[in-house]
Amino acid sequence: MTAAVSHPSRRPNQNPYRVTTTRVLRSEWHKLHSLRSSWITLVSASVLVLAIGLVMGATYTSDGGDSDVDTVVLVLYGSVLGTLCTVVLGILVTAGEYSTGLIRASLTAVPRRLPVLWAKAAVFTVTVFVAMLTTALLTFVAAQLLLHDTDQAASLSDPGVFGAVVGNSAGITLLSLIALGLGALIRSVPGAIGAFIGGVMILPEVLSMLPYDAVKSVVKYFPTQAAGALGSATPLPGEAPAGGALLALCLWAGATLCAAALLLRRRDA
């Protein structure tokens, strides 16, 4: 006689192809890190920040009239160009899928749709923040080796310095997250880039020229102005406090993503 071998039946909730948060996150991570454009833009952002920081450190002199410039702002001046790179990456993460048609496969695999957007935002946020914080720390330390005998000499343990370095990275990340949301809203890479440049970068500068104190008080909480306030070790007159600037940036990014989520559920892919 042979003994019958019983095979345990698979429970309905153990479907190996079931969509889970972990699997959606893993999918978006693979998409992000497997694309050459992702690495090119991230590396370009890091190289620009580091290179400009070293140039600023190597060319700075104590008698040059820039002693009143914030040390962190001086060293991380390249963040302006680095932000442009990460902004483009954020737009490519969402609008790029619409231009290639890959979004149809993503939404077919995840019919509920919204987990795709949240996973993209989460993976992108962590990736950009880690990359930019690592770059900022490396740039600050390297530049300070060149500034050690000047009036801009500082260390990460000085009051406000480490917080400004972290704030600089957070500002870049949140600005890029706004760009990601615009990409999901507009579904066009050129259109989203134009909207970011015109609406996020240029519009506040135009509004700040209006001769109204109320407008100036509001403009300092706009994305680019709030990001600038986060990256300064010494609060500057007329800028928003660091806490208020961070809250404003989070609200801008959250509002953009929520608008994108609302339209994602209502529009066809």
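**Helices, loops and a surface patch**

Author: Arg187 is placed in the loop between H7 and H8; helices (H or I, at least four residues) are DSSP runs, numbered from the N terminus. This is a predicted model, in which local features need pLDDT of at least 70, side-chain atom pairs count only at pLDDT 80 or more, and totals for chains, interfaces and linings use all residues. Residues are numbered from 1 along each chain as its sequence is written, and side-chain values use heavy atoms, with hydrogens and water left out.

Reader: Does Arg187 count as buried or exposed, and at what relative accessibility?

Author: Buried means under 20% relative accessible area, exposed over 50%, and partly exposed in between (1.4 Å probe, protein chains only). Arg187 falls under the 20% limit. Arg187 therefore counts as buried, at a relative accessibility of 18%.

Reader: What is the phi of Arg187?

Author: Most residues other than glycine have a negative phi. Arg187, which follows H7, is a residue other than glycine with a positive value. Its phi is near 65°.

Reader: Which side chain is joined to that of Arg187 by a polar contact of 3.5 Å?

Author: A polar contact is a pair of N or O atoms within 3.5 Å; within protein, one must be able to donate a hydrogen and the other to accept it, and residues adjacent in sequence count only if both atoms are side-chain atoms. Arg187 also lies 4.5 Å from Ala95, C-alpha to C-alpha, although the two are 92 residues apart in sequence. The side chain joined to Arg187 by the 3.5 Å contact is that of Tyr98.

Reader: How many residues of H7 are buried?

Author: Helix H7 covers residues 161-186 and reaches 38 Å from its first C-alpha to its last, close to the 38 Å expected; the expected span is 1.5 Å times one less than the number of residues. H7 is mostly covered. Of its 26 residues, the number buried is 22.

Reader: Where does H4 bend, and by what angle?

Author: The 22 residues of H4 should span 32 Å at 1.5 Å a residue, and its end C-alpha atoms are 30 Å apart, which agrees. The bend at a residue is the angle between axes fitted to the seven residues ending there and the seven starting there. H4 bends at Val93, by about 45°.

Reader: Which helix supplies the largest share of the nonpolar patch?

Author: The patch, of about 590 Å², is made by Leu81, Leu84, Ile197, Met201, Ile202, Val206 and Met209. Helix H4 (79-100) and helix H8 (189-208) each supply at least two residues. The largest share, 4 residues, comes from H8.

Reader: Which backbone oxygen does the side chain of Thr256 reach?

Author: Thr256 is in helix H11 (residues 242-266). With a relative accessible area of 12%, Thr256 is buried. At 2.8 Å, its side chain reaches the backbone oxygen of Trp252.

Technical notes: Patch = residues over 30% accessible without salt bridge, like charges linked within 9 Å, V, L, I, M, F, W, Y side chains within 5 Å. Areas by Shrake-Rupley, 256 points an atom, 1.4 Å probe, with all protein chains shown as cover. Salt bridge = Lys/Arg side-chain N within 4 Å of Asp/Glu carboxyl O.
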